[in-house]
Amino acid sequence: MPNPGSTNDPLIAKFQAVLPEHCIVSDPVSMKPYECDGLSAYRQMPRLVLLPETVQQIQLIIKICQQTATPIVPRGAGTSLCGGAMPHENGVLLSTARLNKILHVDPVNRTAKVQPGVRNLAISQAVQKHGLYYAPDPSSQIACTIGGNVAENAGGVHCLKYGLTVHNILQVKLVTMDGEITTLGSHAPDAPGYDLLALMMGSEGMLGLVVEVVVKLLPRPETARVLMAAFDQVEAAGNAVASVIANGIIPGGFEMMDGAAIQAAEDFVHAGYPTDASAILLCELDGCEQEVLSQVAKVREILAAAGATEIRLAGNESEAQRFWSGRKNAFPAMGRISPDYYCMDGTIPRKMLGPVLTRITQLSEKYGLRVANVFHAGDGNLHPLIMYDANKAGELERAENFGGEILDLCVAVGGTITGEHGVGVEKIDRMCVQFDEASIAQFLQVRKAFDANGLLNPDKAIPSLARCAEFNAMHVHNGELPHPELERF
Amino acid sequence: MADKSAEIASRVASAYRAKTPLNIHAGGTKSFLGPEYPGGDPLDVTGHRGIIDYDPAELVLVARCGTRLESIEDELLKNRQMLGFEPPFVQDGATLGGAVAAGLAGPRRAFAGAARDFMLGAKFVNGKGEIITTGGKVIKNVAGFDLFRPMARSMGTLGVLLTVSLRLLPLPEQEKTLLHEEKEEQTALEKINHWSSRTQSISGATWDGHIIRIRLSGSAASMEHGRTLIGGEWLEDEQYWRALNNLQLDFFQQPGRLWRISVPPMSGPVHDGQPQLLDWGGAQRWLKTDQPPDIIRARATALGGHAECYSRDSTVDTFHPLSREQLVFNQKFKAALDPAGILNPGRLYREL
């Protein structure tokens, strides 16, 4: 195998025959930015980077890759936090950066047809003049692309009420590994045959190459108000969340931060958070004016009854934005107080929040690493941020082990190893904790049905059975499950 | 309240070894969809029933698939919650598994989502008799392929569903109907479209050629906001929406085959003067006609949709034909889950 970017690589000539020169990147310096995605602890130089401009070029690329058994790693903006876009040493990295056009906006039917390289936020910006927006809003929305969102079934702050990517995509056009173009879904509410559109969502680029996406657009809510509530106990905040939802209110956004996250965010952006609180909740209510006002009153009551020590309603848009700024900047705020941080992404049933946070605190002491928690509280999606210093020997490894134990814990209480970031390379071993052998084998079988030679994003998302056997042999000691003290659900 | 997982898995495993097709059935309320005499040994799954996990504060339900929807809804009602996709035929004995496998949904579907949208995970027996777990019971979960979602609308051809976990919705404080006279189809669609862009409270929208019916659900404040927008007097018309969902309105009793046509909501007319009823804000159109199926299907296709024949007729396929690429793709998926093709063969398409 030639070195990455070697001019002797015979693959280059093959791609030169079907792609213009500027669509092929092969020198190591220019390829360097592609060696990792948002999970920068994992790096790998690709063999080549391809930036096709047309669907036909993608078909030709697939043909060459099939003939030469060359792996293909698709890449949007490279904001993945699970190494989903990490290159393969023998493979081409297929960037959708040049497929970045909004093809059509239909304000009446409230849909937009876009190419996969269009940025998430760019869609909402383009349709703002029609009073519309695209609902899923992952925190990377300024940079991440819709193609990547499809691959990861991206969520965001507002998905409790407005759904994940899977709920907001009507149709995708796909180039299959046979090089054929097929359309899944439609502009109608359903389509004949199996719902393979749903299967594509979150499939981490392993079942085909998405070349066009039709998204559903929503009317902007008439108004939105944000409440902030402080608690002196994390459990009380967790119970308050459950109580609001049990009372029939589905907030547009419902976020929680623990003491460490509050402190870091406050120091960074001065959002006005009470820094002596053990937890704060941010609750956004949206809809028509009258409805929102009545909900605000109701939520205030519920939060007070749940033991909130302070409740504030943002008086105007700028105060609302200030409330949100602390949450939205929680990750960079960590960057200021720790050289490195490792962001986890488990989901748990909401009622398990208290015990899980207590256990995370214990684990933090065990590993000698600080941790802060931000939490999409409404949907149980927890983001513990483990602080470490990569320059100190052994700290990254300790952080990873700490993170691994958190994920085991999430599975043990009835949750999942990843709520919205994906499995990628990062959590591939933990798949063996969450799923049994038959289920993993079934996933592999489905993958094989669409990609017989296993060329699309190999060694990611779904582990091989051999890998699981090896991992489980090391992981389960003396037949004991992790966290035997916890009740199983 | 029995767990029959092992028994069902073993039945399927034997059928896989013997290569004998199975005809999976439960409440039988959707048997009118598909061929009249499906082949295969009957596999009754109604014994596999019971709610496994339901904590109202989580807004999530996990239940065995033979559980009757009626008993699920009774349980949810105690906590003022409901199934968001409003499955039909609840009082006739429909089960959770059948509701998911057929994927039918009521008037709320256009505004709240379909079965696939509310599913969080499922356990099923694949065509080899293996128990497969996909998804989970939490709202956000991107681990593994979401094999549970395509179970909806698969008519049992991909797996025998064992348990399904669903996200629930709180029961609205109020639910009432407004009537609005309108004779023009295009204008009716435009009005519904406009209203639905201005309020989140619409949970049903039909037009029968003369009258637009809008069902609003929500708090007193949001109901009043809706009425100011739409106008008219409140009507308690629960019966209408239930009869619509269960295909029992007078409309459905008229002569001619019943067609369900699924199209982009603002599409032009699909009918040719035959009786029609617009549901889902225009996205689901019911047609009573004896026009040749090819003509109806061609028109649905031209509008970007598809047409399903809801009347049993051995000369008409129930489901809309697939294109060649679609069929190939569907066959690959089916073979990955049911390699011997023993699960409800022909129930959805002859080739699947």
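The questions and answers below concern a predicted model and go from the contact between its chains to single residues and pairs.

Reader: How many residues does chain A bring to the contact with chain B?
Author: The contact between the two chains draws 69 residues from chain B, and the area buried there is about 6,300 Å², with carbon and sulfur atoms giving 57% of that area. Within the part that chain A buries, Pro192(A), Tyr194(A) and Gln442(A) supply 12%, more than any other three residues. The number of residues that chain A brings to the contact is 91.

Reader: Which helix gives the largest share of the side of chain A that touches chain B?
Author: Between chain A and chain B there are 35 residue pairs in polar contact, both residues being at pLDDT 80 or more. On the side of chain A that touches chain B, nine residues come from one helix, which spans residues 437–450, and this is the largest share. By class, that side of chain A has 42 nonpolar, 31 polar and 18 charged residues. The helix with the largest share is H17 of chain A.

Reader: How many salt bridges are there between chain A and chain B?
Author: One salt bridge joins Lys298(A) to Glu173(B), with the closest N and O atoms 3.4 Å apart. Over all chains the structure holds 43 salt bridges, and the count between chain A and chain B is nine.

Reader: Is Arg213(B) buried or exposed?
Author: Arg213(B) is placed in strand S11 of chain B, which covers residues 211–218, and its side chain makes a polar contact of 3.4 Å with the side chain of Asp237(B). Leaving aside residues up to four places away in sequence, Arg213(B) touches several residues, among them Thr177(B), Leu179(B), Asp208(B), Tyr240(B) and Trp241(B). The relative accessible area of Arg213(B) is 14%, and because the limit for this class is under 20%, Arg213(B) counts as buried.

Reader: Why is the pair of rings in Tyr240(B) and Trp241(B) edge-to-face?
Author: Over all chains there are 16 aromatic pairs, and in this one the ring centres of Tyr240(B) and Trp241(B) are 5.0 Å apart. Both residues are buried, Tyr240(B) with a relative accessible area of 9% and Trp241(B) with a relative accessible area of 2%. Planes over 60 degrees apart count as edge-to-face, so the pair takes that name because its planes stand at 90°.

Reader: How many residues apart in sequence are the parts that Trp286(B) and Tyr310(B) tie together?
Author: Trp286(B) and Tyr310(B) form an edge-to-face pair, 5.2 Å from centre to centre with 80° between the planes, and both of these residues are buried. Ring pairs also link Trp286(B) and Tyr310(B) into a cluster with Phe32(B), Phe89(B), Phe251(B) and Phe252(B). Because Trp286(B) lies in strand S15 and Tyr310(B) in the loop between strand S16 and helix H11 of chain B, the distance in sequence between the parts they tie together is 24 residues.

Reader: Which residue of chain A is linked with Arg153(B), Arg260(B) and Glu308(B) in a network of salt bridges?
Author: Within chain B, Glu308(B) forms a salt bridge with Arg260(B), the closest N and O atoms being 3.2 Å apart. Glu308(B) lies in strand S16 and Arg260(B) in strand S13, so this pair ties together parts that are 48 residues apart in sequence. Glu308(B) is buried at 3% relative accessibility, and Arg260(B) is buried at 3% as well. The network of salt bridges that links these two with Arg153(B) also takes in a residue of chain A, Asp190(A).

Reader: Is Arg350(B) buried or exposed?
Author: The side chain of Arg350(B) meets that of Asp317(B) in a salt bridge of 2.6 Å, N to O, and the pair links distant parts of the chain, 33 residues apart. Asp317(B), at 41% relative accessibility, counts as partly exposed. With a relative accessible area of 66%, Arg350(B) is exposed.

Reader: How far apart in space are Ala393(A) and Leu465(A), C-alpha to C-alpha?
Author: Ala393(A) lies in the loop between strand S19 and helix H15 of chain A, and at 78% relative accessibility it counts as exposed. In sequence Ala393(A) and Leu465(A) are 72 residues apart, and in space the distance is 32 Å.

Key
Residues are numbered from 1 along each chain as its sequence is written. Chains are lettered from A and ligands numbered from 1 in the order in which they are written. This is a predicted model: local features need pLDDT of at least 70, side-chain atom pairs count only at pLDDT 80 or more; totals for chains, interfaces and linings use all residues. Side-chain values use heavy atoms; hydrogens and water are left out. Contact means heavy atoms within 4.5 Å. Buried area is the accessible area (1.4 Å probe) that two parts lose on being put together, summed over both. A salt bridge is a side-chain nitrogen of Lys or Arg within 4 Å of a carboxyl oxygen of Asp or Glu. A polar contact is a pair of N or O atoms within 3.5 Å; within protein, one must be able to donate a hydrogen and the other to accept it, and residues adjacent in sequence count only if both atoms are side-chain atoms. Helices (H or I, at least four residues) and strands (E, at least two) are DSSP runs, numbered from the N terminus. Ala, Val, Leu, Ile, Met, Phe, Trp, Tyr, Cys and Pro count as nonpolar, Asp, Glu, Lys and Arg as charged, and the others, Gly among them, as polar. Buried means under 20% relative accessible area, exposed over 50%, partly exposed in between (1.4 Å probe, protein chains only). Rings of Phe, Tyr and Trp (its six-membered ring) pair if their centres lie within 6.5 Å; planes under 30 degrees apart count as stacked, over 60 as edge-to-face and the rest as tilted.
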